[in-house]
Amino acid sequence: MIRILLTLFIFTQINFTLLGQYETINNNKFKQLKYELATPNVYRNAAGAPGHEYYQQKADYDIKIELNDNNQSIVGSETITYTNNSPDNLEYLWLQLDQNVRAKDSDTKKIQTMELGKRMEFSQLKKLLNDFDGGFKLDEVKSSSGNDLKFTVNKTMMRIDLEKPLKSKASVSLKIKWHYNINDRMQIGGRSGYEYFEEDSNYLYTIAQFYPRMAVYNDVEGWQNKQFLGRGEFAVPFGDYKVSITVPSDHIVGATGVLQNQSQVLTAKQQARFKKAKTAKEPVLIVNQEEAEEVESKRAKGKKTWVFEAENVRDFGFASSRKFIWDAVGVKFGDRTVMAMSYYPKEGNPLWERYSTKAVVHTLKTYSKFTFDYPYPTAISVNAKWIGMEYPMICFNFGRPEKDGTYSEKTKNGMIGVIIHEVGHNFFPMIVNSDERQWTWMDEGLNTFLQYLTEREWDTNFPSRRGPAYKIVDYMKGDKSKISPIMTNSESIFQFGNNAYGKPATALNILRETVLGRELFDFSFKTYAQRWMFKHPTPADFFRTMEDASATDLDWFWRGWFYSTDNVDISIDNVDVFEINTKNPEIEKALSKQSDKSNDEKFITNIRNQKAIPKTFVEEDEKLQDFYFKNNPYETTILDEESYASYLENLNDEEKALLNSGMNFYQIQFSNKGGIPMPIILEFEFEDATKEKIHIPAEIWKMNQQTVNKVFPFKKSVKNITLDPNLETADVDVSNNSWPPQQQPTRFELFKRQETKRWEEGGENGMQRDARAKKRLQEIEEESNK
C-alpha cells in the first residue's frame, strides 16, 4: 500500500511540474506569434509582402441611378463584370446588400438592446418607434444574355447561382435592377441618407451603399460574407466604375471619380472657375454662397445626368443638393494635379469656406509623406451634420457654426479633425484595402495614428483626442471585463472608439517614438503602405512587414498591445545605494565612525540617557575599565596600513583607479504590475542639478517578466529618479514611478452654489463671449463719458 501511494504521489508531482512548465511557456510575454498568425504561403510571404502567387478579384460597374427629390428614393440598374483571378472555379457569387440593414425585419433592429429610465429623449423614442421601410427592393437579376438568374437573399447578403461555374481567369457579367427609400439621417441615423432643411424645404443627400456590390473572395476568408450588422464596415474588391447619376437640374453633385460631362451639367462660368482652380494658390469658388442661396430658393423642374468615372477604386459615393457651395484648388504631385474640393451649404459658413479645402490639401500632403503619393485625381470633403464617413475620393464631415456665424474653438477643431480623419481614409482602407468587416483597427487605428501626426503638422498645439500615450491611460486601467483585445472582430468590441481607434493609434505612436524610433518606424510603415496599396492586407502582413523592414522582433509588442487586455504599469519598488569599499583604513574607519556615531546620536534612549545617567557604572569604577573600554576601534594601526599596502600591491593601475573612483552604484528593483513588458525609461537627477536619461529596451523582461534588478553606476550622487519622465509608455500608475516616492496631488475646486448663467453651461462660445465683453466695455465707456 505504501509503495502504491508513493508511486501515485511521484506521478502527480511530475504532471504538476510539466503543467507548470507549460503554463510558464504559454504565458511567456516574449513568445513568438507562431500560433496566432497564419502560416506564410505563396499568396502572403513570411516577410509580410504579397507572395509570388498573390491574387485578387476585380469587379467593374456600369451604374445608372436616378435620385427622386420628391419622395427621397433611388432607382437604379447596373452591369457588373466580375473577373475571377483566383485559382478556384466559382459556382456562385456573393453580393452585399448593405441597405437591408434598414429593412423592417433586419437583424440589426432585432439585436439592439435598450433600458428605459425615467427620462428619454424624443430622438431615442423616434428611433425606437421607427417604422421606416428600408432595404433594397430587387426588381431583376439577369445574366448578360438576359436570362433570369437564380438568387437567394440572406439578410444583407445575396448569393447568385451562376448558369455555369466561373472558371479561373474568366469573367462573367450580371445585370441587376433595384430601388430603395433613402433614410432620414437626422431621425434614424446612418452612414448615408438625407438631411432636411426646414427653413428652405431643401434636402442634402450623402449617398453610399446604394447599389448591390460584390463581396471579397480571397485566400484568407474565401467569400467574406459575414453579415453587415452596422458596426463592422466593409470589405470590397477593386474595380473600375462608370456611374450616371440623374438628379434635379438645379442640383450640384460631387462624387467618387472624375466628372465626364462638364459641358452638359456646368455653366460656362463654372467650367472657367474650375479650370482656374487647377493652378490657383488658394481655393476658388466654383459655386459661391450668393449663387447657392439663389438656387435653393427656387425649384427646377428639369433633370440632369452627371456622369463620373473612377479607376481602381473599391467603392463609390456621392453627394447631391441644390444648396451646395463648391470650392476647389489643385494640388501638385509630380506632374499630376489632384483636385481638392469641398461642398457645403450656407449653414457651414464661415467655417467651411475658410478651412475645409485647406484641411483636405494638408491631409493629402502629410499622409503622402508617410505612405505614398496620393494616386487618385480628386479628394472631396462634404459638409453633413452629425456624421464623419469615408468613401474613395469623397467623405462626409460634420461641423457647423452657430446661426450668427460664430463658433467655438471645439467646433472648429472638431471639424478640422474629422476632415483630416475622413480624407485620410483614402489611404486606409480605400487604397490599402484591409477587411473592415473583420478588423476595424486595421483602417481606423492606422488612420487615427496618421491623423494625429497630421494634426500636429497642422498646428503643434492641436488638441488631438487620440495618439498621445497619456490619453489612453484611463481606458487601459479600466474594468478588464469591459475591455477587448485590439485583435477582436469588429462586431464584438467593447468600447469601440477606444479599442479600434485610440488604443492602436497610441500603440503605433509608442512604437514610433519609444520602441523603434522615428527613422526605423517611418521606413517600415511606408514599406507596409507601399507593399499593400491597391491590395488586401491582413494583420499578419502588417505585423510581419514592420518587423521585416526594421530588423526588430516585435512579437512581444503585438502580443501585449494587440492580443491582450494588459496595461503598462512599471514600478520602482526599491533603490539600494552602494559605494566601493576602498580598503583604505583611514577612509573606511572614519566612515564607520561617522555612521555609528550618527546612529547613536539619533537613538531615543541614548538621547534621554545623557540626562538621566550622567555617569555609567563602568565610568565610575576604573577597575572595570579594560583594554576594550579604552581602545578606539576607529583608530588606524600599523597592521591596518600594512594590510592595505599589501592589497594595493596585487592591483594594476586600472584596478587602483576603479578602487579610488568614488563611484556610486544604484541598484533598482522594478516590477511589471500591468502585464505589458515595455522599455524602462529613466531620468536621473543629480545633486548638482544635472540630468541624464537612460533608455532600456523591453527585452530586459525576457528572463523574468515580473521583477528585474539593474545596477546604474555614476560618479555623481543621485537626487531623484523618475521612471517614464516624458509619459511615453501609457503607464497607468505614475505614483510608483519616482524615487524618493513623490505624492501626486489631486486638485479639487471650491465653489459656491449660485444661479447658473447661460455661458457657464457651455451655451456661449468664445467668439460670442468676446463680443459680449466688447459690448460691455463700450457700455462702461459711454457711462463714464456722461
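Excluding neighbours within four places in sequence, S73 is in contact with E66, L67, N68, Y180, N181 and I182, where contact denotes heavy atoms within 4.5 Å. The structure is a predicted model, in which local features need pLDDT of at least 70 and side-chain atom pairs count only at pLDDT 80 or more, while totals for chains, interfaces and linings use all residues. Residues are numbered from 1 along each chain as its sequence is written, and side-chain values use heavy atoms, with hydrogens and water left out.

S73 belongs to strand β2 (residues 73-83); strands (E, at least two residues) and helices (H or I, at least four) are DSSP runs numbered from the N terminus. The relative accessible area of S73 is 9%, and the residue is therefore buried (under 20%; exposed is over 50%, partly exposed in between; 1.4 Å probe, protein chains only). A polar contact of 2.6 Å joins the side chains of S73 and N71 (a pair of N or O atoms within 3.5 Å, one able to donate a hydrogen and the other to accept it; residues adjacent in sequence count only if both atoms are side-chain atoms).

The largest nonpolar core comprises 185 residues, and F210, F318, F542 and W561 have the most contacts inside it. Helix α8 (residues 351-370) supplies the largest share of this core, 9 residues. Such a core is a set of buried Ala, Val, Leu, Ile, Met, Phe, Trp, Tyr and Cys residues joined through side-chain atoms within 4.5 Å. Beyond four places in sequence, the residues in contact with W561 include M476, I486, K503, V568 and T729.

L125 is located in helix α3 (residues 122-128) and is partly exposed, at a relative accessible area of 35%.
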